[in-house]
Every structure is written in C-alpha cells, then in structure tokens.
Amino acid sequence: MADVQRIIEQILNAERLKRSSHFSERVYTDEPILTTGRQMASYLPDRYREMRAISRWQPDPQGNRGRWLTEAELFYRQGVFMEDFEDDCPYHGTFKSFFPTYNAMSDRQLRGYFTWRAAVRKGHIEETSLSFAYVYIYELLCGIGVTSAEEGFSKLTTFWEAYRGFAPEIDRYLRVWTQDYVVYHGLDPQLLADWKSVAFDRKLIELQRLTDEALARLGRAQGGGAKRNHAGSLLPPDTAFEERLLDAIDALSTYRIAGSKLYRHDPDGVRHVACAVYVQLAAYYLRQRKHGIIESLFGTMSALPYTMFASAVFFERARHPDTVFELDEIHRFTCANGLWTCERVHGNRGRSAKIGDAMHAVDRMFREAVAFDAPLKDEGSPKYLRRIVEREIEGWLSWHSAHAPRVIDIDLAKLSGIRSAAAQTREALLIDEEREEADAGTDAHDEVIVDADETPHVDGTASAPDATMDAADVGKVEQMATAAPDEPRAPVEKPPVAEAPEAHGPLSPTQAAYARALLAGDAAAARTAAEASRASEDMLVDAINEALFDTLGDTAIEFGADGPQIVEDYREDVEELLA
C-alpha cells in the first residue's frame with residue numbers, strides 16, 4: 001500500500017502533469033483518485049459499448065478460418081449500427097486523426113461527435129474538429145444516414161457549402177468526392193454542370209470545334225489544306241465567327257487580350273488579327289508538330305486506372321456493375337469487373353501560357369504598327385511567331401485601308417455652278433411641249449414639280465441629276481447653303497485636356513501610394529491613400545487594375561477576406577513598376 005501511495009504522489013507532483021489542461025485545481029473528495037475499468041464503463045451509454053464490441057475479427061459461420069475486417073469495413077459496420085443514434089454530451093476538445101474513424105476516438109470524443117452530428121442533421125452546422133467533419137462526410141459516402149443516392153448528394157453538397165466557410169481546405173477533396181458520388185451512383189450529369197473540371201472541358205470542346213472549323217476555312221481560302229502560311233487568308237473577316245473564336249481563345253489564354261486598351265480602341269482589328277494568328281499557329285502545329293495545337297498545349301485523350309473516393313474511408317458493399325458514365329464528350333468513366341478507368345484529356349488543366357504569349361505578341365506588335373500611345377514590353381517571342389503576327393497585321397491593315405468607307409467632301413462654293421449647269425442640261429433635254437407645260441404649271445399654281453430622278457430648284461425649275469449627287473443630297477446641300485449666316489449654332493464642346501503623365505509608371509501618385517501600402521500590408525496607409533483619391537476604395541482598385549492590365553495582362557489587386565490584396569503572383573511585377 002505504501003508503494004501505491006508513493007506512485008500516486010509522484011504522478012501528482014510531476015511538473016509536466018501540473019501544467020496539463022487535463023488536470024484541474026478542483027478536488028473532489030468524494031471521488032476516488034483511481035477508477036477501475038468497470039467503474040469508467042458506467043459513464044458510457046450501453047450503445048457505445050455495443051458498438052465497440054463489433055470485432056475486427058470475423059469468424060466464419062461454417063467453422064472455417066475467419067478473416068480480419070479492413071478499417072473501412074469496420075467503420076461501415078459500426079456506422080450502420082449507430083446510424084440513428086443521438087447523444088447530448090458536447091465535446092469542446094480537439095480531435096485530430098488521419099483517415100479518422102470511430103475507432104480513433106476516445107469515449108468522450110465519441111459522445112461529442114454523435115452530439116454534433118445530431119445537430120448537423122437538424123440543420124445546425126457548427127464548426128468543430130475537422131476530423132469530425134470528415135467522419136460525417138465518410139458516412140454520407142458510404143450511404144450511412146441516407147435513404148437514396150439523390151438524398152446523399154443533396155446532404156453532401158449542403159454540408160460542403162456550409163462547412164467550407166470554416167475550413168476552405170475541404171474543397172480539395174469534396175470537389176473530387178462529389179463528382180465520384182455522381183458517377184458511382186449513376187446520377188444526372190447535369191448535377192455537375194457548374195463543376196470546374198466540367199466547365200474546363202466545355203471550353204476545351206468549344207475551342208477544338210472552332211479550331212477545326214477555322215482550319216477548314218483556311219484550307220478553302222488557300223486552295224486545299226492548311227499547308228501554306230500567308231497573310232490575309234481569312235479575309236474578308238467573319239465577325240460573328242471571330243467573336244466566338246476569340247471568346248474561346250480568351251477563356252483558355254493566360255493573357256486576356258479582350259480586356260486590353262487596344263481592343264477597346266479597335267475591337268475589329270484586334271479581334272481579326274488575334275483569331276488569324278491563332279489559326280495560323282494551329283496550321284503551324286499540324287505541319288511541324290506530332291499533334292495538333294489542342295493536344296500539344298492541353299494534352300491527349302487517354303484512359304487510366306481510377307480509384308473511386310480516393311483518400312476517403314469508403315467501403316464498397318458489393319462489386320459495382322459494369323457501366324460507362326459520360327460526363328461530357330471528352331470525359332467518361334468505365335467500370336469493368338469492378339475496376340474503374342477514367343478517360344479524359346490528361347495534361348494541362350488550366351490556361352495556356354503558349355496561347356497567352358501569342359496574344360501578348362499580337363497586342364504588342366499591333367500597338368507598334370498603329371503607333372498606339374501605350375506600348376508593351378517585348379517578352380522575347382520566337383521568330384516564327386513574330387513572322388506570323390507581322391504578316392497578319394500587314395494583311396489586316398492593307399485590307400482595312402482598301403475597304404475603308406469613302407469620305408465625300410462637298411465644296412459649297414461650287415454649289416451655284418452645279419445648279420446652273422444642271423438647269424442648262426435639263427433645258428436642253430426638254431421638248432417644246434414639255435417646256436410649255438412646265439412654264440404653264442409654274443405660272444398658274446406656283447408649284448415645284450419634281451420627277452423622281454430630278455433635283456428641285458428654288459425658282460420651280462428642275463435639273464437633271466448630277467453625276468455625283470442624287471436629289472436628296474442636293475436638297476440637303478441647298479438647305480445648308482441657304483441657312484441664315486448669322487443663325488445661332490450649338491456651341492462645340494472641347495474635349496477634356498488629358499492630365500500629364502505621372503512619374504509612377506502607369507499609376508498616379510495616389511494610386512502608387514495605395515499600391516505601396518498594400519505591398520507593405522499597411523491597412524492604415526491604404527485607407528489614407530484611398531481617402532486622398534476622393535473616390536471609393538472599390539473605384540480606386542478598379543482604376544489601378546485597369547492601369548496595370550496592359551503590363552500584367554491580368555488583375556493585380558483582388559478583394560479577399562481581409563480586404564484588397566496584391567495578387568501574390570504579381571507582387572514582384574508591381575514592386576518593379578513602383579521602383
């Protein structure tokens with residue numbers, strides 16, 4: 001007994017245990033310091049003990065050798081046993097576990113989990129230990145607590161939408177698991193219509209379709225196949241087709257040329273040259289590369305083995321029947337003999353830097369060709385790309401110049417001479433009877449008789465049409481010529497005088513001060529700069545993004561949870577501009 005007392009004193013006097021949050025300063029004199037296992041069991045409802053009793057070792061009913069259950073199967077059996085159970089014992093501690101299951105929880109954590117789950121099922125989703133959240137997700141994936149796959153999908157997406165506000169990192173797994181859930185249970189593919197991967201596939205399908213159509217047009221224009229590469233091959237422009245093609249290019253390009261200043265200044269020219277350069281690049285890839293431009297930049301279609309609900313605790317009760325599930329034209333899943341494969345474009349699943357480089361070269365070289373007032377920095381485009389861009393710009397400028405609308409400049413000083421010559425010509429063409437009728441009609445009624453193809457005069461006579469103007473044009477000119485010389489005219493507004501450029505790159509002093517404050521993480525200085533701009537912070541951020549777009553080709557400042565922030569990828573570029 002003396003030895004037991006000494007051990008207890010050593011435990012209670014240990015410095016490490018004194019600092020532990022598990023030991024309270026409160027003393028309960030009516031409770032024993034040591035408690036036996038049987039006494040502890042009295043604090044746990046019987047349902048938990050019965051769940052714990054589900055053994056991992058399962059004997060064979062026929063008396064043969066049994067087997068050990070996997071962690072996933074044990075979790076599934078325990079989950080089904082506790083499917084409708086609820087508790088009322090909140091847990092305020094922390095539960096952390098890789099691939100968490102009921103087995104990984106202590107008794108106190110178990111009671112806390114089932115208390116939290118009961119609230120979730122009633123619509124009260126509160127933040128808790130992330131491992132608790134994953135256990136609930138595993139239950140839904142295994143069909144625990146749901147009566148149909150549709151109900152499971154609804155509960156899964158509802159929980160995801162609510163809990164990602166507490167832990168955004170669950171997006172990484174739930175985006176894949178939710179897609180797998182739809183495929184595994186054969187639900188409507190439209191449930192995933194807004195998914196990022198499906199949206200990317202749609203953009204890629206559209207770009208491939210328009211690329212094939214453009215190459216066919218290029219082949220017809222060049223007389224049999226896209227084997228040549230000369231400017232103007234897609235002229236005259238097809239505006240409707242080019243708008244669709246540029247939208248598809250812009251959606252998959254790292255450089256958004258449709259948002260540049262030059263595009264706003266000359267959308268027709270930039271749109272045509274950008275599309276023509278892309279089509280010529282597509283033809284170049286067909287001639288010089290093993291694969292076409294889409295396959296070379298984004299990857300090729302291939303079928304690879306696939307694991308459903310990878311990284312999740314998931315138990316498959318029976319082998320899945322053979323099936324083929326098509327998400328879209330270039331993304332399908334196949335199950336054969338219980339083994340899954342995924343056929344899709346394997347490669348780059350984001351915007352293409354190669355297309356971005358081509359669009360940046362178009363923007364930069366077009367500005368040089370038309371002497372635009374905001375030049376771009378040359379980022380070292382390859383020679384073959386520069387030659388393609390140069391030819392397409394030259395082709396467009398030549399065609400546009402030849403087809404530009406003609407401007408007619410009428411010299412009002414020569415109007416009286418034109419009228420006189422027209423009157424003489426008409427007089428010479430009239431026969432005697434027509435001349436007599438015209439004179440009689442004018443004297444009797446004081447009318448102006450005008451034939452459909454003749455020009456009226458103030459004195460009632462008519463002249464033959466001039467070679468360069470019809471009756472309507474001459475009438476307008478006469479009206480302009482006979483207007484009172486001293487008649488008041490509307491004042492002509494002068495265009496606003498542009499402010500002198502500031503010595504902060506493309507930014508004004510106030511914009512530069514605001515950007516520097518964001519780089520330094522100084523919120524007070526940023527507010528001061530925003531107030532000095534005499535505009536709202538939103539308008540100031542938009543102005544800075546627009547000023548930096550031509551240089552960066554993207555948004556430099558985004559609004560996050562803590563307010564406006566410099567996009568991390570462009571921090572060095574902004575610092576260099578402000579240096």
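The following legends describe close-up views of a predicted model.

Residues are numbered from 1 along each chain as its sequence is written, and side-chain values use heavy atoms, with hydrogens and water left out. Because the model is predicted, local features need pLDDT of at least 70 and side-chain atom pairs count only at pLDDT 80 or more, whereas totals for chains, interfaces and linings use all residues.

**Figure 1. Overall make-up of the protein.**
The secondary structure of the protein comes to 23 helices and ten strands; helices (H or I, at least four residues) and strands (E, at least two) are DSSP runs, numbered from the N terminus. Of the 579 residues, 37% count as buried. Buried denotes under 20% relative accessible area, exposed over 50%, and partly exposed the range in between, with a 1.4 Å probe and protein chains only. Among contacts (heavy atoms within 4.5 Å) between residues at least 6 apart in sequence, 65% join residues at least 24 apart.

**Figure 2. Asp363 in helix H15.**
Helix H15 spans residues 353–369 and contains Asp363. This residue has 0% relative accessibility and therefore counts as buried. Leaving aside residues up to four places away in sequence, Asp363 touches Tyr255, Ile257, Ser260, Leu262 and Leu376. With one of these, Ser260, Asp363 makes a side-chain to side-chain polar contact at 3.5 Å. A polar contact is a pair of N or O atoms within 3.5 Å; within protein, one must be able to donate a hydrogen and the other to accept it, and residues adjacent in sequence count only if both atoms are side-chain atoms.

**Figure 3. The second largest pocket.**
The volume of the second largest pocket is about 580 Å³. Of its 25 lining residues, Arg175, Lys196, Ser197, Phe200 and Arg349 are the closest to the pocket centre. Two or more lining residues come from each of helix H9 (171–185), helix H10 (196–222), strand S3 (300–306), strand S5 (331–336) and strand S6 (339–346). H10 gives the most, with five residues. The lining has twelve nonpolar, six polar and seven charged residues; Ala, Val, Leu, Ile, Met, Phe, Trp, Tyr, Cys and Pro count as nonpolar, Asp, Glu, Lys and Arg as charged, and the others, Gly among them, as polar. On a 1 Å grid over the protein atoms alone, a pocket is an open set of points where a 1.4 Å probe fits, with protein on both sides within 12 Å along at least five of seven lines, and lining residues have an atom within 4 Å of a point. Grid points are joined across faces, edges and corners, and the volume is the space filled by probe spheres set on the points.

**Figure 4. Arg217 and its partners.**
Arg217 lies in helix H10 and, at 23% relative accessibility, is partly exposed. Beyond residues up to four places away in sequence, Arg217 touches Leu234, Asp238 and Phe241. The side chains of Arg217 and Asp238 make a polar contact at 2.9 Å. Leu234 is 17 residues from Arg217 in sequence, and the two are 7.4 Å apart from C-alpha to C-alpha.

Phe99 belongs to the loop between helix H5 (71–81) and helix H6 (107–121). Its phi is near 50°, a positive value in a residue other than glycine, and Phe99 is exposed at 53% relative accessibility. Ala371 belongs to the loop between H15 and helix H16 (383–402). Phi of Ala371, also not a glycine, is positive and near 55°, and the residue is exposed at 66% relative accessibility.

Glu73, in helix H5, is buried at 7% relative accessibility. Its contacts, not counting residues up to four places away in sequence, are with Arg67 and Phe315. Glu537 lies in helix H22 (residues 537–552) and is partly exposed, with a relative accessible area of 29%. With the same exclusion of residues up to four places away, Glu537 touches Tyr514, Ala530 and Pro564. Glu576, in helix H23 (residues 571–578), is exposed at 56% relative accessibility.

**Figure 5. Cys142 and Cys335.**
Cys142 is buried, with a relative accessible area of 3%, and Cys335 is buried at 2% relative accessibility. The whole structure has zero disulfides, a disulfide being a pair of cysteine sulfur atoms within 2.5 Å.
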